[in-house]
Structures are given as C-alpha cells and as structure tokens.
Amino acid sequence: MNRIRTGRALALAALALAAQAGTARAQQLPPAQQIVDKYVQAIGGKAMLGRFNSRHTVAEMSMPAMGMTMTMDLYQARPNKMMTRMDMGAMGTATGGYDGTVAWSNSSMQGPRILTGAELNETVTRSTFDANLDMASIFPTMETVGSRTVAGQECWDVRMTSRNGVQMRSCFDKTSGLMVATVAKQQSQMGEMEVEMVYSDYKEFDGIKMPTKTTMSMMGQQMVTTIKSVSHEAIPDTTFALPADVKALQH
Amino acid sequence: MTRSIRRTALAAAALALAAQAPLAAQTRPAAPRGTPITAALAAETFDTAWASIDRTLWDTAVANGPWRRAREELRPRAAQARTVAQLRVVIEEALKRLPYSHFDLIPGDVQQDIGAGEDRGGDAGMEVRLVGGRILVTHVDSGGPAAAAGVRPGWTVSAVGTRTAAQMLAAVGRIPGVGEPRKRQLFTWMAASAALRGAPGSTLRVRFLDGADRPVTRALALRAPAAMSEKFGNLPRLDVRLSTRRAALPGGGAAGVVRFNYWMPVVVAGLNAAVDSFRSLDGMVIDLRGNLGGAGILAPAFAGHFVDRADTLGVMRMRATTLNFVINPRRVDTRAQPVRPYAGPVAVLTDAMTASTSEFFAGGLRQLGRVRVFGEPTAGQALPAWAQKLPNGDVLMHAVADFTGPRGMRWEGEGVTPDVAAPPTRAALLAGRDPAMQAALEWIARERGRAGAR
C-alpha cells in the first residue's frame, strides 16, 4: 500500500513538474500577435504598407533538377483582386485570378476552370491585398508554438488558421522579425500537398521589404522563385476581368 | 504578397511535377566509352541518383530493403569507377534492383546529341513493328521519304544499311526478360527505329521483301525533324508528330481520327482544334499506337473533351502525397464558345508501344466506360516518372509514384488489354487494311446505327 502511495505521489509529482515545465516554456514564447506586429514593422510598417493600392511583381521560377524555368507576372489590387500569368516554356501559359467575386484558372494544357471549395477559399485568402498588414483579420487564430532554426536563423514558429480553415506555420526571425519560412498543407484540385517555403534575400521595393528568393520544397523537389521587379503603379481594372473562355463557363 | 507568390509558384510546381514525363524507354545510341571521371564526381553522381530514388520511392518496403542493400553493395564500386562508362554500369545495376519500369539512366552525351539534332534527327517516314517474327512496315506517312520511294505497308525490312534484320533480332534476343512478347516487340521496335534514323538529308539504304517476298532495295532520303520537335525539361528533344483526318464509316457517315506519338504540350492546341472540328461527326478514333507517353497531366486534360461530369482518370500515390488526375469536362471550345463535351462513341487504338501516359488515358477512360479499346495489349509501363540531371551530366529517369485507374486497376506490368483484339497481319497490311482501325470504324458505324434507331 505504501509502495502504491509512493508510486502515485511520484507520478503526480512528475505530472506537476511536466506541467510547470510546459507553463515555463509557454511563458518564454512571445505572443503570436507580438511576433506578427514585429514582422509588419520589419517589412516597412503599417503606414508604408498602406500607401499603395496596387502591385505588379515579376518573378522567375526554376526547378533546376528538372531543367525547367518559368516566368511569372503577379498583379494585385486593393482590396482583393489578383491575376497571375505564368509562361511555362514548353508547358505553355497558365493564368489565374480573382476579381473579387469569381476565382478562376486557365492553362493551355488544362483549359479554363472556375474554382470552388478549398481552392476558392485559398484563392480568396491569398488575394487579400493587405494580407501582410492585417494578418490577424485573415488568421483570427494565431499561436506561437515554439522556436526552430531555418537556414541558420533562429525563428519563432507561429501556427495560423484562417476563417475558412486554411492552416499554416510561419517562422519569424527572432532578431530581424522577418518571415523566414512557412510550412503549409496546400489544397488543389489534385489533392493536398505539404509544402515548405524558405524566404531569403530580402530587398526593399518602394520602402517595403520583400524576400526576393523563395525556395519551395514539395514532393521531393525544389522550386526557386526569384523576384525580378516590383512596381506599385496603378493597374487598369481590365487586368482583373474574367477572360472570355472563363466567362463562357458561366453560361 | 509572399503568400500570393507562394500559391502561384505552387500551382506551377504542381503542374510541372504532374506533367513530368512518364515515357517508356527511349531509343538510345551507345555512349562513348573511356571518358574519365574523378572518384569524387563518380561517388557524388551515384549518391545523388541513389538519394533521389530513396527520397521519392513510394514503396517503402523496397526502399528499406533492396534499395538500401544496393547502396551498401554498389557505392564502393561507384567510387572506384575511373570512367563514365564504368560508373553507368554500376548505376544501371542498382536500377535493376527495383522491380518497376521507368528507372533509367540517359547518358548526358546522348542528351546533347539528340538535343542538337546533329546525327539522329532525320527519319524515314515509316513505322515498323515485329509481326509474326518479321520486322514489318506497318505505316507509311503520305508524302514522307518512304512513300516517295514506293515503300508499302506489309513489306518486310530485311536490312538497314549494313545491319540485317536477323542481327537486330538476335541482339534483341539477348536482352534479359525479352521472352515476354510485348517486351520483344518494344525492344525490336527500338532497335529498328534507331537504325532507321540518321542525319536529316542523308540517304539510308534499306533492303525489303516486297508483298511477293521479292528482295527490293530503296534509298530513303531522311527528312528533317517535325516542326513540333520539342525539348521538355531534362528529357531529350522529341520529334512530336500529330495528324488528324476524317475517315468514312462503313454504310455512311464519318469519324474523326487523331494520331500522335507523344503527350507533349506542343500537341495540345492541335488536339483541341481537332476535337472542335470533329464535334459534329459520328465518332472519334484516338490512335495511340506507338505513343510512348509524355506529360501525364495532359491525359486528364484531353479526357475532359469526352466526359460530361468531373471525374478522375486515376490516382498517383507518392511517398507522402496522393494526387488525383482530375478530369474537368471541357465546356468551352477554342473560340471561347460554350460547348458540351463530345458525347459520341470514342475508340482508342493501342499496341505494345502504347505506354505510360497513353495507358493512363486508354485504361482510365475505359474504366469510366467512356471509350472502347481496339488493337493489341499495351506496354504495361505505367508509372509517373521524373527526369533529373545528375552531377556528371547524365539524366536519371525515375518513377516517383504508383498509379491506379479510377476503379483501382493498375496497368504497370499488366498493360491495358483491348476490348477488341485486332493485331496487324502481313496479309491485311499488304491489302491496305488496318485491322484495328477497321474494327474501330465498324464499331462506330454500329453505334451510329443504334443512335439512329433510338
């Protein structure tokens, strides 16, 4: 009996110690909102981010192991319009977008499509122009879950969940505050894929810092995206209009 | 903005990865021997090849068993290789430990030769197959070098240059596992097709037996590669050919016939246009005989022209990811006008050189009850694969996933068995008949009759 009591006491003590250790770890982790606020400051601050109403980014993407390169034009406008155009060399072109109402994709290989379900949710989430400025409104649930090292940089890991269920874990440099990595399960019509992105080579464009290099790992392969230019000139609204073959799908 | 770029990059990557070409084994010339390689580069090349497969091999039992042992046994030999040829032997030996198709090493110098089109880009404008123990001419392109020289389907190839058909068949006979009829057909086709290629503009002397078994010799002026010759990622430059025509049906009416040899993005516009132009016809024939595969993503994309509700052509299971080859019904034509997917009868023609993406297409649509398959059993080389450059410049083709059809059927090893067996015969070819095409057109005519009766 004594032995049982001793055993129980030890178990309770161990549990208590474990709980204390957990609390201590939680206390050492900064709140997610604080980390995100520091990130917004690090990339230019709210005032700077709020100055612009549109953005045109030109990037090059390569999959070196497969010998493939592509170029991309990304057009964005406040509050949530977006259009991308990719020239994929031998694979032809692929476009996609969101005009604030309809999300769509079109490629020379697969033809036009109107997005629904999880793909629509993701497109709506990523089309928000102020995504970086107001992360809390897009991801109402944010929690700091630990720290890790990415490409030699110590960073805070923050788990984020959007209103429509999109989940990701982003890691923010402990010193600079910049986002250095994201792990996310991405939805596509083909299925769910886990993707890890590592951001580096931050440079300033009109006072806003952006990672000019993103190394994406998925399905055992790597893709490197390199930003070539960023412009904040006004973009005509027609850029975001549905293409004729996507419109035809609405009939 | 970071998020938008990431999502766009992801879409591109997914498309690229899914598009990476599962192609059946390619014809290749012998690599030059004796090129020296440093011990460090040899080891790095072996390690990269081994690790690429170890990272992506979906079958963890094979990855943890034979593949681990292959590294333990062969890595020391790779590090001792002093020539590129010695290293290739070691890597190829490792690849043989894997019980699947689509694991192949393409020598870098072959890539360059084929890519530059320096010595192998020209072709004779005819197709050959192993039929009844003979290498027969099964198809002659109208307007091509063979047609210009008067070569006819059904003739027997007895020698190409100084190489006799008997020598080719003997060489094929020495390949391990070639007793399996489809493999024998595939390797014979590879050997004969390679022999029938050369520098564009050069002349190839080919000896035939004509329809009466009389020896005849023809000089074929090899033509330049097709305009659609395409370089896709790390794959060799491919001579992509697409032809379309209308064929009369027995008893009246017509069917559209589409024939192409690779599933490459360059054929997409032509395929879409063909479907548009054949939309009002009584049926369509998709001739995939000799189509070795290509970009996997094109199979469900093309299937969308023939399926009126979203479905899947199959499932690609990788180590940690499962991707569905989703068929999106094509509801818009090439002029951006609303249309319904084609609802008439669709026949698919296959043979032992119908491989990979072609097997996804033929087998998947048949499982969905949308097409009827005519001809011969397919190659059974049906795994999605990537082409990855190695440190020494060679390219490693390696399967990265298992593939099952919409109802769970696998074609790897088994192939797609036609609904109607219609192999070519010499008599039929000499009589100007194509048994598989004939059977397909007769079926479409019967379906037309049934539709009319309804």
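**View 1. An open sheet of 6 strands in chain B.** In this predicted model, 6 strands of chain B form an open sheet with mixed pairing, in the order E10-E11-E12-E15-E16-E20, where two strands count as paired if DSSP finds at least two bridges between them. Helices (H or I, at least four residues) and strands (E, at least two) are DSSP runs, numbered from the N terminus. The edges are formed by strand E10 (242–248) and strand E20 (420–421) of chain B, each of which pairs on one side only. Strand E16 (residues 372–375) of chain B runs parallel to E20(B) and is joined to it by 2 bridges, and Phe374(B) has Val420(B) in E20(B) as its bridge partner.

**View 2. Helices H12 and H10 of chain B on the sheet strands.** Helix H12 (residues 357–367) of chain B packs on the sheet, where it touches E12, strand E15 (346–350) and E16 of chain B, and its direction makes about 140 degrees with that of E15(B). Helix H10 (residues 268–278) of chain B lies across E10, strand E11 (254–260) and strand E12 (283–287) of chain B, running at about 15 degrees to E10(B). Contact means heavy atoms within 4.5 Å; axes are lines fitted to C-alpha atoms, for helices over the stretch in contact, and angles run from 0 to 180 degrees between N-to-C directions.

**View 3. The contact of helices H4 and H5 in chain B.** The axes of helix H4 (residues 66–80) and helix H5 (residues 84–96) of chain B come within 9 Å and cross at roughly 175 degrees. The two helices, H4(B) and H5(B), are therefore roughly antiparallel to each other, a term used for angles over 145 degrees. Among the residues that meet are Trp67(B), Leu74(B) and Arg77(B) in H4(B) and Leu87(B), Val90(B) and Glu93(B) in H5(B).

**View 4. The disulfide of Cys155(A) and Cys171(A).** The structure holds 1 disulfide over all chains, and this bond joins Cys155(A) to Cys171(A) with an S to S distance of 2.2 Å, the criterion being a pair of cysteine sulfur atoms within 2.5 Å. The pair links distant parts of the chain, with Cys155(A) in strand E8 (residues 153–161) and Cys171(A) in strand E9 (residues 167–173) of chain A, 16 residues apart. At 0% relative accessibility, Cys155(A) counts as buried, and Cys171(A) is likewise buried at 0%, the cut-off being under 20% relative accessible area with a 1.4 Å probe and protein chains only.

**Notes.** Residues are numbered from 1 along each chain as its sequence is written, and chains are lettered from A and ligands numbered from 1 in the order in which they are written. Local features need pLDDT of at least 70, side-chain atom pairs count only at pLDDT 80 or more, and totals for chains, interfaces and linings use all residues, while side-chain values use heavy atoms, with hydrogens and water left out.

Terms used:
Parallel < 35°, antiparallel > 145°, perpendicular 65-115°, else oblique. Buried < 20%, exposed > 50% of the residue type's maximum accessible area, 1.4 Å probe, protein only.
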